[in-house]
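Thanks for coming, everyone. I would like to walk you through one structure, so please have a look at the sequence and the model as they come up.

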Amino acid sequence: MTGAAASARRAGAAARARAARRAAALLALAAAALGPAACAEKRDDGTAPAQASAELPPLELRDDTANLMLTWIDEKGDTHVELRPADVPVEGRSMVRAMLSDRTEGTRDVFYIADLTQKRPDGTYTVRTMPRREWESLLEKRRAEHVAKTAPPPPAPGPGGSAGPGAPSQLGGVTVIIYGASWCKPCHQAADYLRAKGVAAIVKDIEEDPAAAAEMQDKLAKSHQRGGSIPIIDVRGQILVGFSAGAIDQALARAARGTTL
């Protein structure tokens, strides 16, 4: 085997190893986020008192910290996960959620938030704590700002000043319920899609609200469906699994005609 071929083979093996580590870390992140639904291990069901910031032990974050998962936010309010500080792009480095896949601290009511633009002389990054609700509010605010910038203009009035076919006014009485979680990108896409169409949407976090999770499971059972993924969307009694703009449009059309519950 030539030297070039051997180098290429080693590079390929290293790339496959990095991909395997990333996949394992992302699976661990999903399991931590899903809580009881993700595995048989008993976990906090969210009914315990909120975790106070002072209860979190210090997190020493370095470029080579093991088992690290970093979540950064883009301009659309979407989240992305990286495994090394060097992989977080400039746009997201000032506020990054940090967690260790082998620790539960910082995964419930209080998060670790790192500023990767500030590195101390000893090589560690600045880390503070933030309530989960504050982090989620930041995501919602950024998504709302993005939707406001990109939402299509309202339809022009038809003859006599009424809105044209399919206008949001025809759906004014329809309220859609979305069962999802704060980390679920399709859940936010579904909410943004509905709101852009002028449809009221209520988002229920099944990870934080056991009652919402039970309500979702009850609706799935009554509609003879299995979840498997989120979001679960209730359009006036029509239960949709996953986000599909076409499926939502069809369900809204039926709801507008009064042919559903």
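Predicted model: local features only at pLDDT ≥ 70, side-chain atom pairs only at ≥ 80, totals over all residues.

In the hairpin of strand 4 and strand 5, five residues lie between the strands, and glycine 123 there takes a positive phi near 90°. Strand 4, residues 110–119, and strand 5, residues 125–131, pair in the antiparallel sense over 7 bridges, where pairing requires that DSSP finds at least two bridges between the two strands. Lysine 119 stands opposite tyrosine 125 in strand 5.

Residues are numbered from 1 along each chain as its sequence is written, and side-chain values use heavy atoms, with hydrogens and water left out.

As for the protein overall, there are 5 helices and 9 strands, taken as DSSP runs (H or I with at least four residues for helices, E with at least two for strands) and numbered from the N terminus. Along the sequence they follow the pattern α-β-β-β-β-β-α-β-α-β-α-β-β-α. Of the 261 residues, 35% count as buried, and by buried I mean under 20% relative accessible area, with exposed being over 50% and partly exposed in between (1.4 Å probe, protein chains only). Residues 24 or more positions apart account for 55% of the contacts with a separation of 6 or more, a contact being heavy atoms within 4.5 Å.

Let me turn to tryptophan 135, which lies in helix 2, residues 132–150. Is this tryptophan 135 buried or exposed? At 4% relative accessibility, it counts as buried. Leaving aside residues up to four places away in sequence, tryptophan 135 touches Thr71, Ile73, Met95, Arg97, Phe111, Ile113 and Met130. The C-alpha atoms of tryptophan 135 and methionine 95 are separated by 9.9 Å, although the two residues are 40 positions apart along the chain.

Next comes the disulfide, and a search of the whole structure finds 1, the criterion being a pair of cysteine sulfur atoms within 2.5 Å. It joins cysteine 184 to cysteine 187, with an S to S distance of 2.4 Å. The torsion about this S-S bond is about 80°, so the disulfide is right-handed. Both cysteine 184 and cysteine 187 are buried.

Cysteine 187 also belongs to the buried set of helix 3, together with His188, Ala190, Ala191 and Leu194. These residues cover an arc of only 155° around the axis, which puts them on the same side of helix 3, the arc being that of the directions from the helix axis to the C-beta atoms. Helix 3 is followed by glycine 198, whose phi is positive, near 80°.

Finally, helix 4, residues 210–222, has 13 residues and reaches 18 Å from its first C-alpha to its last, close to the 18 Å expected at 1.5 Å a residue, where the expected span is 1.5 Å times one less than the number of residues. Ala212, Met216, Lys219 and Leu220 are buried in helix 4. They cover an arc of only 100° around the axis, which puts them on the same side of helix 4. The face turned away from that buried side carries the exposed residues Ala211, Ala221 and Lys222. What covers the buried residues of helix 4 includes strand 6 (175–180), strand 7 (200–205), strand 8 (232–235) and strand 9 (238–241).
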